[in-house]
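Morning, everyone. Let me put the structure up, and then we will walk through a few places in it.

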Amino acid sequence: LVGGAGPSWLSPTSFSGVFKLNGDGTTTLVADVTSWLPQHPPAFIPPDYGSDGSLFDLEAIDGGFLLTEAVGGQLLRVTAATGEIATVADLSAGHLVPTGIAVDDAGNAYVGFETAPPYADGAAKVAKVAPDGTVTDRWTGLTAVTDVAFGPDGALYAVEMATGNAEQAPFFAPDSGRIVRMTGPGAPEPVVTGLPYPVGGGFDRDGRLVFTAPAFGPDGGAGQGA
């Protein structure tokens with residue numbers, strides 16, 4: 001999944017979308033979101049929206065992929081064989097900013113929301129999106145969610161980029177990120193705390209929790225990624 005490309009990102013000869021990595025190291029554009037999205041805008045267009053979107057997460061499903069367009073607030077489906085793009089659900093109402101996706105065995109997508117400034121504690125959530133596009137809240141009371149994953153115990157886990165955030169810029173409290181486990185519809189149980197703006201999370205085949213950080217940092221984040 002490649003974002004930050006296309007005319008609205010001042011890169012008019014590149015494309016945001018889904019690419020296939022070939023065996024020789026080259027890439028092939030599978031789904032051209034840059035060309036598709038202007039013809040399929042979200043219902044609510046926020047002031048920071050760009051025509052190429054802000055692509056955030058990609059998850060494999062039967063026959064293709066699900067991806068989130070964060071700022072515009074859409075969950076999209078890409079058919080791998082044809083590159084066809086379709087909207088599964090418009091999640092733009094309230095500008096909640098969909099981010100990470102986890103998919104269960106029935107094809108339901110569990111989508112986390114980062115929300116917009118000031119990223120208030122408890123304002124984020126995880127919504128369940130059925131394959132037919134039906135949306136229901138699954139887990140509430142979260143903060144600045146950047147990713148969602150199922151653990152080896154079958155529980156949902158969420159990555160919270162920062163907690164205890166301020167009402168004024170720069171909003172985020174440093175080293176306040178968490179990974180939490182769902183123990184009830186509105187109950188996040190802290191698993192790992194004190195993280196520096198975690199942005200991705202999941203589990204390896206041995207059941208070990210892994211995450212990436214930081215989401216951003218001074219000096220362009222040079223030398224800080226882990």
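Where is Glu114 found? Glu114 is in the loop between β8 (109-113) and β9 (124-129). Strands here are DSSP runs of E, at least two residues, and helices are runs of H or I, at least four residues, numbered from the N terminus.

A word on the source. This is a predicted model, where local features need pLDDT of at least 70 and side-chain atom pairs count only at pLDDT 80 or more, while totals for chains, interfaces and linings use all residues. Residues are numbered from 1 along each chain as its sequence is written, and side-chain values use heavy atoms, with hydrogens and water left out.

Back to Glu114. Is it buried or exposed? Glu114 is buried, at 15% relative accessible area. Buried means under 20%, exposed over 50%, and partly exposed in between, with a 1.4 Å probe and protein chains only. Leaving aside residues up to four places away in sequence, Glu114 touches Leu96, Val97, Thr99, Tyr119, Ala144, Val145, Met161 and Phe172. Contact means heavy atoms within 4.5 Å. Gly221 lies 107 residues from Glu114 along the chain, and their C-alpha atoms are 20 Å apart.

Next, a sheet. Four strands form an open sheet in the order β3-β4-β5-β6, paired antiparallel. Two strands pair if DSSP finds at least two bridges between them. β3 (55-61) and β6 (85-90) are at the edges with a single partner strand each, so one side of each has no neighbour in the sheet. Strand β5 (residues 74-79) and β6 run antiparallel, joined by five bridges. In that pairing, Gln74 stands opposite Asp90 in β6.

Now the charges. How many salt bridges does the structure hold? Six. A salt bridge is a side-chain nitrogen of Lys or Arg within 4 Å of a carboxyl oxygen of Asp or Glu.

Take Lys125 and Asp137. Their side chains meet in a salt bridge at 2.8 Å, N to O. The pair links distant parts of the chain, with Lys125 in strand β9 and Asp137 in strand β10 (residues 135-142), twelve residues apart. Lys125 is buried at 18%, whereas Asp137 is partly exposed at 49%.

Arg181 and Glu189 form another salt bridge, the closest N and O atoms being 2.8 Å apart. Arg181 is partly exposed at 23%. Glu189 is partly exposed too, at 33%. Salt bridges with shared partners join Asp153, Arg181 and Glu189 into one network.

Last pair: Arg208 and Asp204 meet in a salt bridge at 2.7 Å, N to O.
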